[in-house]
Amino acid sequence: MKIHCLYRDFFLFLKALEIEENRWHCFNEYYFSKYRDFLSAVWYKLQGYTKKNIKERVFAIKRSDYSDLEAELKLYDIEDNSRRIINKCREILYYPEICNIYLFIGFFSPDAFVFRFKDNFVIAVGLERFHNFKNYPILLAHEYCHYIQNMINADTSGKVKDRIIREGISVCFSEAVYSGKEPWEYLFIKRENYYQLEEKYQYYLELLEKGDFEDTDIFHGFIDNQDNSVYPRAGYFIGYKIVKNYIERDSGKNLSKKIDFMKLIREKNLLFKTY
C-alpha cells in the first residue's frame with residue numbers, strides 16, 4: 001500500500017498564515033500546488049466546487065478551526081495506524097494491487113470515500129471533520145472493502161439495490177475485521193435508530209422490491225412517510241441485514257468465522273434473490 005499524507009502540508013499552510021498576508025498565494029504555495037491533480041479531482045470533479053468556492057473557504061479559515069484535529073493527530077499516528085488497519089483487512093480480503101490512501105484536509109469532504117483517480121481507484125480520507133479517531137479502524141476497513149468491490153466490479157448499475165448490497169458487504173466486512181462491537185457501531189448510527197430500523201425492516205424490503213426507493217436518498221436522510229420520522233443511513237442498515245442474513249443462513253456461518261468475502265463480492269447478484 002502507499003499512504004499519501006497531504007494533511008501535513010495543510011498544517012504548514014495554516015502556520016504560514018501567521019506571517020503571510022496573501023492567503024490565496026499561501027494556500028497555493030504550501031498546499032494546493034503540491035497536490036493540484038488530487039485536490040482538483042476531489043473538489044472540482046467529484047464535489048462540483050468552483051475556484052470561487054475554494055477561495056471563499058480559504059479566506060474564511062481560522063487556525064482554531066483545526067486545533068482539535070491537529071492535537072488529535074499528534075497523539076494518533078494516522079499513517080502507521082492506517083497501515084496496520086489495511087494489513088489487518090488484507091488478512092481477510094486480499095487483493096494484489098497497491099492500495100493508495102490519501103489523507104487530506106478538504107472542505108466539507110466525506111469522512112472517507114473511494115473514487116477513481118487517474119487510472120485507478122483510491123481511498124480518500126477527508127480529515128477536517130474528525131475530532132477523534134475512535135471509529136477510524138471501522139471506517140477505513142469499510143472503505144477498503146469498497147475499494148476491493150470497485151476493483152472487482154467497477155461497472156455497477158447505479159441502482160439503489162446495487163448500492164444497498166455493496167454497502168451491506170462493506171458493513172459486514174468491517175464487522176468481520178473488528179468483531180465484538182455492537183451492530184449500530186458498524187453502521188455509525190445511534191442504538192435507538194438501529195432498533196427503530198429493525199422494526200421496519202420487512203416493510204422497507206417491500207418498498208425496495210417495488211422500486212419505491214429509486215428516487216429517494218435512503219443513505220443519508222430518509223423520511224418515512226408512515227410517521228414522518230427521519231432515519232439516517234437506512235440504506236446501510238437494509239444492506240447490512242440482507243448480507244448478514246445471507247451469510248448466516250446460506251453459508252451456515254456468522255461474522256466471527258472466516259467468510260470468503262472475495263466470493264461474496266464476485267457473486268453479489270445472488271444476494272438480490274435472498275430477501
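**Exercise 1. Determine how many salt bridges the structure holds, and examine those of helix α6.**

Solution. The structure, a predicted model, holds 13 salt bridges; a salt bridge is a side-chain nitrogen of Lys or Arg within 4 Å of a carboxyl oxygen of Asp or Glu. Side chains of opposite charge can pair when their charged atoms come close.

Step 1. Glutamate 79 and arginine 83 are joined by a salt bridge, with 3.7 Å from N to O. These two residues are 4 residues apart in helix α6 (residues 78-92), about one helical turn. Helices (H or I, at least four residues) and strands (E, at least two) are DSSP runs, numbered from the N terminus.

Step 2. Glutamate 79 is partly exposed at a relative accessible area of 22%, and arginine 83 is partly exposed at 31%. In these terms, buried means under 20% relative accessible area, exposed over 50%, and partly exposed in between (1.4 Å probe, protein chains only).

Step 3. Aspartate 80 and arginine 84 form a salt bridge whose closest N and O atoms are 2.8 Å apart. Both residues lie in helix α6, 4 residues apart, about one turn of the helix. Arginine 84 counts as exposed at 55% relative accessibility, whereas aspartate 80 counts as partly exposed at 30%.

**Exercise 2. Identify which parts of the chain the salt bridge of lysine 161 and glutamate 209 links.**

Solution. Step 1. The side chains of lysine 161 and glutamate 209 form a salt bridge, with 3.5 Å from N to O. The pair links distant parts of the chain, 48 residues apart: lysine 161 belongs to helix α8 (residues 160-177) and glutamate 209 to helix α11 (residues 201-210). Lysine 161 counts as partly exposed, at 23% relative accessibility.

Step 2. A network is also present: salt bridges with shared partners join Arg8, Glu79 and Arg83.

Step 3. Helix α8 has 18 residues and spans 26 Å from its first C-alpha to its last, close to the expected 26 Å; the expected span is 1.5 Å times one less than the number of residues. Because 16 of its 18 residues are buried, α8 is largely enclosed by the rest of the structure.

**Exercise 3. Describe how strands β3 and β4 pair.**

Solution. Step 1. Strand β3 (residues 112-117) and strand β4 (residues 120-126) pair in the antiparallel sense over 6 bridges; two strands pair if DSSP finds at least two bridges between them. Arginine 116 has phenylalanine 121 in β4 as its bridge partner.

Step 2. The hairpin of β3 and β4 has 2 residues between the strands, and lysine 118 takes a positive phi near 60 degrees there.

Step 3. In β3, 5 of the 6 residues are buried, so this strand is largely enclosed by the rest of the structure.

**Exercise 4. Characterise the protein as a whole.**

Solution. Step 1. The secondary structure comes to 13 helices and 6 strands. The radius of gyration is 20 Å, close to the 19 Å given by the globule rule for 275 residues, so the protein is as compact as a globular protein of that length. The radius is taken over C-alpha atoms, and the rule is 2.2 Å times the number of residues to the power 0.38.

Step 2. Of the 275 residues, 51% count as buried.

**Conventions.** Residues are numbered from 1 along each chain as its sequence is written. Local features need pLDDT of at least 70, side-chain atom pairs count only at pLDDT 80 or more, and totals for chains, interfaces and linings use all residues, while side-chain values use heavy atoms, with hydrogens and water left out.
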